[in-house]
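Thanks for coming. I will go through one model, strand by strand and then helix and loop.

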Amino acid sequence: MKLVNIITPVYNAEKWFKETFESVLNQSFKDFEWIIVDDCSTDGSYEFIKELVKDNPFIKLIKAEVNGGTAKARNIGLRNATGKYITFLDSDDLLDPNYLEEQVKFIKDNGPIISCGYRRK
């Protein structure tokens, strides 16, 4: 069981998902599992991501049976999560390389629930 689960809902994100993928792989903190839930994409996202993740055993790719939207995809991810902590990452967002490391430290120092914002480049 990994300490952190990252949950990412995906719908038609093939054109920008590789950058998201790389931002997760470049994390300084490695005690995580990434759960990616494809919400019945029609642009080839599932096949593209399946190829990207094939050599990464810490990534679980799930294909939803029916398109249900972001919230339902996140709930599928939550049902499959086993980590102590959970963070959500949208399929077109990026993580700074030390994001998970800093968040886990912050949680341990300040409490089990935190909320994060974002910044635009």
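Which residue in S2 is the bridge partner of Val-10? In S2, that partner is Asp-38. Before going on, the ground rules: this is a predicted model, where local features need pLDDT of at least 70 and side-chain atom pairs count only at pLDDT 80 or more, while totals for chains, interfaces and linings use all residues. Residues are numbered from 1 along each chain as its sequence is written, and side-chain values use heavy atoms, with hydrogens and water left out.

Helices (H or I, at least four residues) and strands (E, at least two) are DSSP runs, numbered from the N terminus. Two strands pair if DSSP finds at least two bridges between them. Strand S1, residues 4–10, runs parallel to strand S2, residues 32–38, and seven bridges join the two. S1 also pairs with strand S4, residues 85–88, in the parallel sense over four bridges. There, Asn-5 stands opposite Ile-86.

Now burial. Buried means under 20% relative accessible area, exposed means over 50%, and partly exposed is in between, with a 1.4 Å probe and protein chains only. Seven of the seven residues of S1 are buried. In a regular strand the side chains alternate between the two faces of the sheet. In S1, one side has Val-4, Ile-6, Thr-8 and Val-10, the other has Asn-5, Ile-7 and Pro-9, and all are buried.

Next, the helix. S1, helix H1 (residues 14–25) and S2 make a right-handed β-α-β unit; right-handed here means that, with the strands pointing away from the viewer, the path from the first strand over the helix to the second runs clockwise. In H1, Phe-17, Thr-20, Phe-21, Ser-23 and Val-24 are buried. Seen down the axis of H1, the buried residues fall within an arc of 160°, so they line one face of the helix; the arc is that of the directions from the helix axis to the C-beta atoms. Those residues pack against S1, S2, helix H2 (45–53) and strand S3 (59–63), contact meaning heavy atoms within 4.5 Å. On the other side of H1, Lys-15 and Glu-19 are exposed.

Last, the loop between H1 and S2, where Gln-27 lies. Is Gln-27 buried or exposed? At 1% relative accessibility, Gln-27 counts as buried. Leaving aside neighbours within four places in sequence, the contacts of Gln-27 include Phe-32, Leu-95 and Tyr-99. A polar atom of the Gln-27 side chain lies 2.8 Å from the backbone oxygen of Asp-96.

Technical notes
Polar contact = N/O pair within 3.5 Å; in protein donor to acceptor, adjacent residues only side chain to side chain.
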